[in-house]
Amino acid sequence: MIALGIASCGARSASSGEASSSTEAAPQLAVADFNADSAFAFVKRQCDFGARVPLTPAHAQCGDWIEAQLQRFCDKVVAQKAPVTTFDGKQLDATNYIGSIQPDAKKRILLVAHWDCRPWADADPDENKRQQAVMGANDGASGVGVLLELARIMHEKKPAVGVDFLFVDAEDWGTSDDELSWALGTQYWVQHPHVPNYQPMFGILLDMVGAPDAQFYQEGFSMQSAPDLVEQIWTIAADAGYSNHFKSVTFGAATDDHVFISRSGIPCIDIIDMRPNSDNGFYPHWHTTGDTIDKISPATLKAVGQSLINLIYGLQ
């Protein structure tokens, strides 16, 4: 993703209008329990392959593993080949993986995360490390881990609606001066959906959802695309006791996969870790060699995953 459009979206400090703290919220009874340890294991397994940079063995091995997990949990799986060209002229045979729960259900929702890693750590504070690949424990693997755990739960307890898990490739091979250089796998999928005339009720993107001190502000493009959905999820999170992470304040706008999905006519929001006081507006290890598994908190994975469970199983 490119840098946040902070000024254009009227960023406010976290103290203006936040929801009450988690200690003040009465926990909401869960219809299903999100297993944080299982989600963490899914995150770690991705990192065990190494940095999942396209054109590397780690990327190919992780892709096969993701497809195998979807085959375990989902009713239908598609491995969509997505030939794309990067801003610097690389030809990538990217692959998007789609797993569907109850593929024949008319009412559907879309859950999205990217599974690739950035080829270079261009935001690393150590200039000598900026050509190294990013491990992407948070920036990529955390969202995939949460969604795989949701798929595991839905395999055992079907929701009332159909659910499509979309794991997109080639998201992070972009440059700051070209919006279209990002989210290449998503842009391909938008042009070639896995189902003709695909139109779910809405989409939710997870990006960087694992840091211990994660701050999920209401991202600007999400508020433009589906403000009611944002408010609903943030309220559900607060009711479940997670307002220490979910901040009911609008901050910034991130060019991320959800932007291209929304432009295709599917309302889509982004749950993403943003930091008003950081230099780039994001999680402090964003696009650095420090984005490693030791930065991932099962408790944060739980906050995101349980909030989504409470939303999805409440849909009719």
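In this predicted model, one aromatic cluster is formed by F42, F49, W65 and F73.

The structure holds 11 aromatic pairs. One of them is formed by F87 and W120, with an edge-to-face geometry, a centre-to-centre distance of 6.3 Å and 75° between the planes. This pair links distant parts of the chain, 33 residues apart: F87 belongs to the loop between β1 (76–85) and β2 (91–101), and W120 to the loop between β3 (108–114) and α3. F87 has a relative accessibility of 38% and therefore counts as partly exposed, whereas W120, at 17%, counts as buried. W120 also forms an aromatic pair with W173, again edge-to-face, at 5.9 Å centre to centre and with 90° between the planes. Here too the pair links distant parts of the chain, since W173 lies in the loop between β4 (162–168) and α4 (184–191), 53 residues apart from W120 in the loop between β3 and α3. Both W120 and W173 are buried.

When residues up to four places away in sequence are not counted, F167 touches I66, L70, T95, N96, Y97, A113, W115, V144, L147 and L148.

Helix α3 spans residues 137–156 and includes S142. The relative accessibility of S142 is 0%, so this residue counts as buried; the cut-off for buried is under 20% relative accessible area. Neighbours within four places in sequence aside, S142 is in contact with V43, A137, M208, V209, G210, I296 and L301.

Strand β8 (residues 268–272) is mostly covered, with 5 of its 5 residues buried. C268, D270 and I272 point one way from the strand, while I269 and I271 point the other way, and all are buried. In a regular strand the side chains alternate between the two faces of the sheet. Strand β5 (residues 203–207) runs parallel to β8 and is joined to it by 5 bridges. Within this pairing, L206 of the chain stands opposite I271 in β8.

Positive phi values were found in residues other than glycine. L55 is not a glycine, yet has a positive phi of about 80°. This residue is located in the loop between α1 (36–48) and α2 (57–73), and L55 counts as exposed because its relative accessible area is 57%, the cut-off for exposed being over 50%. A183, also a residue other than glycine, has a positive phi near 55°. A183 lies in the loop between β4 and α4, and with a relative accessible area of 0% A183 is buried.

Terms used. Residues are numbered from 1 along each chain as its sequence is written. This is a predicted model: local features need pLDDT of at least 70, side-chain atom pairs count only at pLDDT 80 or more; totals for chains, interfaces and linings use all residues. Side-chain values use heavy atoms; hydrogens and water are left out. Helices (H or I, at least four residues) and strands (E, at least two) are DSSP runs, numbered from the N terminus. Buried means under 20% relative accessible area, exposed over 50%, partly exposed in between (1.4 Å probe, protein chains only). Contact means heavy atoms within 4.5 Å. Rings of Phe, Tyr and Trp (its six-membered ring) pair if their centres lie within 6.5 Å; planes under 30 degrees apart count as stacked, over 60 as edge-to-face and the rest as tilted. Two strands pair if DSSP finds at least two bridges between them.
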